[in-house]
Amino acid sequence: MSIAINITGTIQDWLMNMMPEGVANIVAMVIVALIYLAIFAVAGLYLVLLERRVAAWFQLRIGPNRVGFQGMLQTMADALKLVSKELTGTVKADKFLYNLAPYFVIISSLMALAVFPFTKEFQAFDINIGVLFLIAISSIGVIGILLGGWSSNNKFALIGAMRSGVQTISYELSIGLSLLTMVLITGSLQLSEIVEVQKNGWLIIQGHIPAVIAFMIYMIAGTAETNRAPFDMVEAESELGAGFHTEYSGMKFAYFFLAEFINMFIIAAIATTVFFGAWLSPFGITESIPWLGVFWFLAKAFILVFLMMWFRWTFPRLRVDQLLTLEWKYLLPINLVNIVIMALIVWLNMTIQF
Amino acid sequence: MSYFSNIYNGIKTLLKGMSVTGKYFLTSRKGAITQQYPDNRETLKMFERFRGEVVMPHDENNEHTCTGCQKCEIACPNGTIEIIWDRGINEETGKKKKEIDKFVYHLGLCTMCGLCIEACPTDAIVWAQNYENSVYDRTHLTKVLNEPGSKVKAGIED
Amino acid sequence: METTTVNTNFKSEEYFINMGPQHPATHGVLRLLLTIDGEIIKKVDPDLGYIHRSIEKMCERDSYQQIVHLTDRMDYLSSHINNEAVCLAVENALELEIPDRVQVIRTIIGELTRIASHCLWWGVMGMDVGALTTYFYGFRDREMINDIFEETCGARLTMNYNIPGGLMFDIHPNFVNRVKEFIAHFKTKLPEYDTLLTGNVIFQKRTRGVGILSKEDAISFGASGPIGRGSGYSCDVRKHHPYSAYDKVKFKEVLKTDGDAFARYQVRIQEMWESLSIVEQLIDNIPEGDYKITTRAVIKLPKGEFYQKVETARGELGVYIISTGTKNPYRLKFRSPGFSNLSLLNHIAVGGKIGDLVASMATLDLVIPDIDR
């Protein structure tokens, strides 16, 4: 497998030979963006199908298995159906904001997808404040939700959007602090550096007890960030309608829906990068075949996605005030104490290294 | 201290709940309780007392056992059964007796209560087990239960 | 009461939301007009009548055997018990001696209906508070009971198996074996219900201390069934006015004194265990005998007024017949349990949040066709 792995580098060099430098840069950026857009669309489609099949197996039934082999083309059929629907809008809705809202969530998801290290040098954007960039991007997604709820001119949508906004900004704190706990071991925010440090053993093993606690807090806060059950009061179907995306139909609804699933994948991908050693194989068995790194990364991310689906289909929902009590009275104090413990462990050199 | 015991107990109950659904996830392939309906029509058999539709069985000489006594029509709560009858001459004894021309059964109105079948003194109507009764045209739901050209079995009044 | 935690941009004044007739949480077509301040509910007004089919008026033109099949469709989850109510009213008015075999079989099928109704209730309760898989587990157990009914009576939901005078036809030879299989299967599944939902810390936070109903309020609103028993009001018709074979079996009446949603939930789960024990006591000794008494083809009740109460899965159902000696009743009235239980909703929901309203409505276990008839 001697095909070069450094995709962005390869494309840039190939284009440099053909046209002057400025144009080559722009064309390279456009091509990489298109590749990531394709990854986004395909991943979104298959994640939805995976969710439906996994949910069905929990519920003692078989999921969609008729359209295409084992239901592979099911989401494609659903997407075609959504495209053909009429784009209704309310009369008194604020037209510009109403149309703009879905794009915020999509743009934030795409930007977050760009920084992940899928394998050794397969990374579109290796900035030196990687982790901080990710946390900042997720804050932009909130704007989309709030705009969508406000501009629909609908009481239910507004209640849903407000609840969702409160929930998201509260849980971002917990995500940030638990990721910070792991940065204390690596000493750098850059994602490829974090993976380099994990060559001595995955971070969740290196920082034993505080790392496990940080991982648990991260998973809880991560499911809350993406408005998934058990924290999905916002879009609870048996409560008020459908929350902030009540008034959206057709393709715009599909954008919100896909963005939720990609967000789930992003949370899982951040966890694999920071806690489980992104593309490193356990005990270094396939060190010599770099292309297998993609397989290891996706496998770990999908196990975490499966864990999030397991939460969704088992637990009842929390009420809005219980949600916020959980964050501010339980998760935040534990997080802060955890950071202190981790700092002590790093200072006293008690991390486990291989 | 109850702060920590709350957390510990909470996490324990959550994990126990997850173990139940996890167990079903692992045995789901064999334990699925749904049936793949249009594919299993050959093997799908209803119980013999299943109330699908009211039919009038005919034997091989195209004879049924309905004497036109109208007990089922009176027993039916909402007029699902209409019997069109007339008095004809019985060939053997020469007396006038009732015989039916058409036994009209409105499947669209029937509530499947079973009172007509209980009321019939000669067991002329029974339950059939077919469960696929949907049609494209509502007039197909009005069925005539006796076959054309059929007549009553002789000697059935007893 | 905790203050609201949602930060709205306008000053908090009350506004009005319609939980309309088509809604996933109101089990049936019920319209609730809610007046809300932020997240706190100020007033709940139920608006009924969307599924009124004039069953009581139809009963005035039908004969007594035909009335039985209409009662199936009132509270369709305990249809056998509704049929039994009308048949017992007619039989007691005519002073007929019902054979033991009929009474025992009616009791067994009645208790199986109660278990099936509570299985569905449990599934829907989980779904309303957010755990979407409980629906399927509840229905899996209900399917076994439906198969038992289908083999014996011919129909799964609207059974119409009772007639005034006994049963329409005898039980199927397989009945006893199937019921025993079901008992063995269900005893392994009920503890799973507890693990999955009852012990779950999130579920307990959603239902403890929510929708509190005191004992005096339960009596004055006329609550019956598991709702009254969850507040400490002992109102089981099977104990106080026994009918069919209930005086021959031993079972406990489940009472809890907390009066909140969790107490009502526990009462129903415990009732499922009690019903299982009743079926176990009766299934092995079904006495031999006739399965019906032949009455005349046209039943005429003597002049007068007759009342019969039974315990359905929702509470106390009463049948009140005024007869003038002809073959149709002059007036027939049903005292439905759901109607009285629904009147409590305003009392227990005010002051709570919308999430609490959904959780307490799920424990009230309303079936709207029973209320609207």
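This is a predicted model: local features need pLDDT of at least 70, side-chain atom pairs count only at pLDDT 80 or more; totals for chains, interfaces and linings use all residues.
Residues are numbered from 1 along each chain, chains are lettered from A, and side-chain values use heavy atoms, without hydrogens and water.

**Chain A.** I found 12 helices and zero strands here (DSSP runs: H or I of at least four residues for helices, E of at least two for strands). The radius of gyration of chain A is 21 Å, close to the 20 Å that the globule rule gives for 354 residues, so chain A is as compact as a globular protein of that length (taken over C-alpha atoms; the rule is 2.2 Å times the number of residues to the power 0.38). Of those 354 residues, 54% count as buried, meaning under 20% relative accessible area with a 1.4 Å probe, protein chains only.

**Chain B.** Next I read the elements of chain B from the N terminus: α-α-β-β-α-β-β-α-β-β-β. Its radius of gyration is 27 Å, well over the 15 Å that the globule rule gives for 158 residues, so chain B is more spread out than a compact globule. I also noted a C-alpha box of roughly 100 × 35 × 35 Å along the principal axes of chain B. In chain B, 37% of the 158 residues count as buried.

Conventions: Buried means under 20% relative accessible area, exposed over 50%, partly exposed in between (1.4 Å probe, protein chains only).
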